[in-house]
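Welcome, and thanks for taking a look at this one. Here is a short briefing to read alongside the model.

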Amino acid sequence: MKTDGKLGDVLFTSAQIRSRVQELGAHITRDYAGKELTLIGVLKGGAMFAADLARAVRLPVSLEWIRLSTYADGAVAGEVRRKGVDLDADLCGRHVLLVEDLIDSGLTLAWLRDHLAAFGPASVESCVLMRMHKEDRIENRPVPRYVGFEVPSATWVAGYGIDYADRHRNLPDIHEYQLPAIAA
Ligand SMILES: O=P(O)(O)OC[C@H]1O[C@H](OP(=O)(O)OP(=O)(O)O)[C@H](O)[C@@H]1O
């Protein structure tokens, strides 16, 4: 039987997030100056971050969205599943920057990187707001070009677009989330 989890302390305040997003936007603006840049926000978790980051990049970017999901109804990583409509963008010759709320196992970003190669982009990099630390080395976990915050292992988070069981995405801050105990 699954019990409810619990929303915990604030890990990153909305002010901290805002300030880090501005810094990331400034880096990206510098690195991609003069290049054709397409930002791809990964729904649902990346929605808030991608919307804010896009406004912090001072370049004429294209903004696209893709909807994926790996976690069925909780915290167990599984297969990457595509949901909803796929990209119908022309990415040929464009520099693509995937915008994700977080990287955990890396399955989602690895799947996207491989999937997007068929679109013929000039490059594919990623920008994640949070990189979850892993004690165990995960083979071939993608290395994002931009990382907002490093998060200690064993921390589950919610807020600022990120859910637990599809709740709490609307919180302005990012909180720790105490996962429910799984009883037999
Ligand atoms: O590195 P990974 O282990 O692949 O985990 C990262 C992904 O997991 C979460 O999405 P989720 O599958 O929960 O879907 P959501 O974005 O719709 O909440 C998160 O938003 C990332 O997209």
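Is His-168 buried, exposed or partly exposed? With 19 other C-beta atoms within 10 Å, His-168 is partly exposed, because a residue counts as buried at 20 or more. Please keep in mind that this is a predicted model.

**Backbone features**
- His-168 sits in the loop between strand 8 and strand 9, and its phi is near 80°, a positive value in a residue other than glycine.
- Ala-165 is found in the loop between strand 8 (156-158) and strand 9; its phi is also positive, near 50°.
- Ala-165 counts as partly exposed because it has 16 C-beta neighbours inside 10 Å.
- Leu-43 and Lys-44 are joined by a cis peptide bond, with omega about 0°.
- For context, most residues other than glycine have a negative phi, and most peptide bonds are trans.

**Helix 1**
- The buried residues of helix 1 are Ile-17, Val-21, Leu-24, Gly-25 and Ile-28.
- Seen down the helix axis, these buried residues fall within an arc of 105°, so they line one face of helix 1.
- Their packing partners include strand 1 (6-12), helix 2 (47-56) and strand 5 (95-103).
- On the face turned away from the buried side, helix 1 carries the exposed residues Ala-15, Ser-19, Glu-23 and Arg-30.

**Around the ligand**
- Of the 17 residues around the ligand, Lys-44, Gly-45, Asp-104, Ser-105 and Thr-108 come nearest.
- Two or more residues of the shell come from each of strand 3 (62-71), strand 5 and helix 3 (107-117), and strand 5 gives the most, with four.
- The shell divides into six nonpolar, six polar and five charged residues.
- Lys-44 lies in the loop between strand 2 (37-43) and helix 2.

Terms used:
Residues numbered from 1 in each chain as written. Predicted model: local features only at pLDDT ≥ 70, side-chain atom pairs only at ≥ 80, totals over all residues. Buried ≥ 20, exposed ≤ 12 C-beta atoms within 10 Å, placed from the backbone. Arc of directions from axis to C-beta. Contact = placed C-beta atoms within 7 Å. Near = placed C-beta within 6 Å. Nonpolar A, V, L, I, M, F, W, Y, C, P; charged D, E, K, R; others polar.
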